[in-house]
Amino acid sequence: MVAVKDMYPRLPNAEIMSPVASVVISTDKLRQRLLQEGVSEVAIRESEEIMRAELLQLHKHIVALKHKQLLLMDTLRQLETEKVDLENTLLEDQRQSKVDEGDPYLSSQEKYSGDGKSPIGSVGFNYPLVQRRKKLPDPVEKENGVSLWSIIKDNIGKDLTKVCLPVYFNEPLSSLQKCFEDLEYSYLLDQANEWGKMGDRLMRMLHVAAFAISGYASTNGRTCKPFNPLLGETYEADYPDKGLRFISEKVDPVGVLTLEFDDGEVFHWSKVTTSIYNLILGKLYCDHYGTMRLEGNREFSCKIKFKEQSIIDRNPHQIHGVVEDKKGRTVATLFGKWDESLHYVIGGPSGKGKGSNVPSKPHLLWKRNPVSEHQTRYNLTQFALTLNEITPGLKEKLPPTDSRLRPDQRSLENGQYEMANSEKLRLEQRQRQMPHHNCQARKMQEKGWKPRWFAKEKGSNTYSYVGGYWETREKGNWESCPDIFGQLPADNDSISSP
């Protein structure tokens, strides 16, 4: 199937499925030329008939080729579907196999499965209820669409890193808030912690893997980019309804995520590749593909494959993973979709690979939350809708660097699009483009600026929280934090002479 795909390059669906248009053949030019040569009317008509007959045969040949092409595409779709069905059949066979009573990796979940109750009960869900908003504010202005192609065309030859894109391509969240959005299903970590306390390291590994995957669920249909954080920008989140307090700050990107439990068990993993398709033409969408590896410092590691979506894929967003012990034996299998749900079975494919054991019946590990009832073009989840909310009494407690106070982002959320564009341009010029002495980023760097709440560990690129944020918040003393969103004299065109 791969060889056939290479022989026939992919074409747009509209081109593949479009019918062959009726062909109208004109002989007017031929007639005029023959008349100029003094050819008789009888000979001209015979020439016209010969030409029509030959072109008709050519047209029939093209139609036949078009039909063969459609048959080939149908065959490829069937092969793709059969491949997926085969994979699902193999997994179903694994699920129906009996549990090996002597399996050394029978988990606590399996031991308790007889009465239908989980030993961890409601861990991760027994927090107080907090009322949060269900929708974004109604827009003040009507938004006008913008063509990315027109922007690229108008900036040919320029440094695109210094081109200020309109807010039409943004969603009303910053990258720092997106980091917190990955914690939507934080109950998985609560449960992983509880399993570890019970001594079941395998179930902890499975829940950490589910948490790593769950962060992608909110990206389906999200085609707008978050705002890039400014130098010194922070974001806090206090969510007692999730048992969470969160603080993030702009630092140099590292790309490795680290999770540490109270008992010293540590997990590291990196995100897979994310690509955006059809930026110029067609329906815009994103896809995630590649292999995610979760490495632990104890007994288990996990490898998860994100399948790349193809043009004829009827079952996209699939994931499949295995958990291995220190000896390389498969002790559990994961399968599902990153935008829907994840299941696991204890054990590996029966009879395949060294050290494989008989798989158990499948268990649901994670399922995506329902979509928001109030959808906008941003396709934010119900959780994401709350991230930029300023609840009563919160604004007075926030530092001047918090993402909620960004004027461009706030204006976009309120549907004040002209204001959002002008504020975005102003802030970006302050940060990176202004050549004079009022360039804020340059001034902060000249003073030896370092992240306020995080520090890089010695001999590592990892940043760790140094503490003090919540204590400073309690005192309400933010004098050490710069006013990175406020107006400077340069912003008002009132630069004084030195």
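Me: What should I know before I start reading?

Reply: Because this is a predicted model, local features need pLDDT of at least 70 and side-chain atom pairs count only at pLDDT 80 or more, while totals for chains, interfaces and linings use all residues. Residues are numbered from 1 along each chain as its sequence is written, and side-chain values use heavy atoms, with hydrogens and water left out.

Me: How many helices and strands are in the chain?

Reply: Helices (H or I, at least four residues) and strands (E, at least two) are DSSP runs, numbered from the N terminus. Here the chain has 13 helices and 15 strands.

Me: What share of the residues is buried?

Reply: Buried means under 20% relative accessible area, exposed means over 50%, and partly exposed is in between (1.4 Å probe, protein chains only). In this chain of 498 residues, 41% are buried.

Me: How do I read contacts, and what does Asn170 touch?

Reply: Contact means heavy atoms within 4.5 Å. Over the chain, take the contacts between residues at least 6 apart in sequence: 64% of them join residues at least 24 apart. Asn170, in strand β1 (residues 170-174), is buried at 2% relative accessibility. Not counting residues up to four places away in sequence, Asn170 touches a set including Cys224, Lys225, Arg377, Leu412 and Lys424.

Me: Which backbone oxygen lies 3.3 Å from a polar atom of the Asn170 side chain?

Reply: That is the backbone oxygen of Lys225. Such a pair is a polar contact: N or O atoms within 3.5 Å, where within protein one must be able to donate a hydrogen and the other to accept it, and residues adjacent in sequence count only if both atoms are side-chain atoms.

Me: Is Glu181 buried or exposed, and what is its polar partner?

Reply: Glu181 lies in helix α7 (residues 175-181) and counts as buried at 3% relative accessibility. Its side chain makes a polar contact of 2.9 Å with the side chain of Arg222. Leaving aside neighbours within four places in sequence, Glu181 is also in contact with residues including Leu173, Ser218 and Phe383. Glu181 and Gly215 are 34 residues apart in sequence, with their C-alpha atoms 7.4 Å apart in space.

Me: Where is Thr219, and what are its polar contacts?

Reply: Thr219 is in the loop between α9 (201-214) and β2 (225-227), and at 13% relative accessibility it counts as buried. A polar atom of its side chain lies 2.6 Å from the backbone oxygen of Tyr216, and its side chain also makes a 2.7 Å polar contact with the side chain of His288. Beyond its neighbours within four places in sequence, Thr219 is in contact with Cys286, His288 and Trp338.

Me: How many disulfides does a search of the whole structure find?

Reply: A disulfide is a pair of cysteine sulfur atoms within 2.5 Å. The search finds 0 disulfides. Cys286 is buried at 9% relative accessibility, and Cys481 is buried at 11%.

Me: What about a loop residue such as Asn278?

Reply: Asn278 is in the loop between β7 (273-277) and β8 (285-296) and is partly exposed at 34% relative accessibility. The backbone oxygen of Lys283 lies 2.8 Å from a polar atom of the Asn278 side chain. Setting aside residues up to four places away in sequence, Asn278 touches Lys283, Leu284 and Tyr285.
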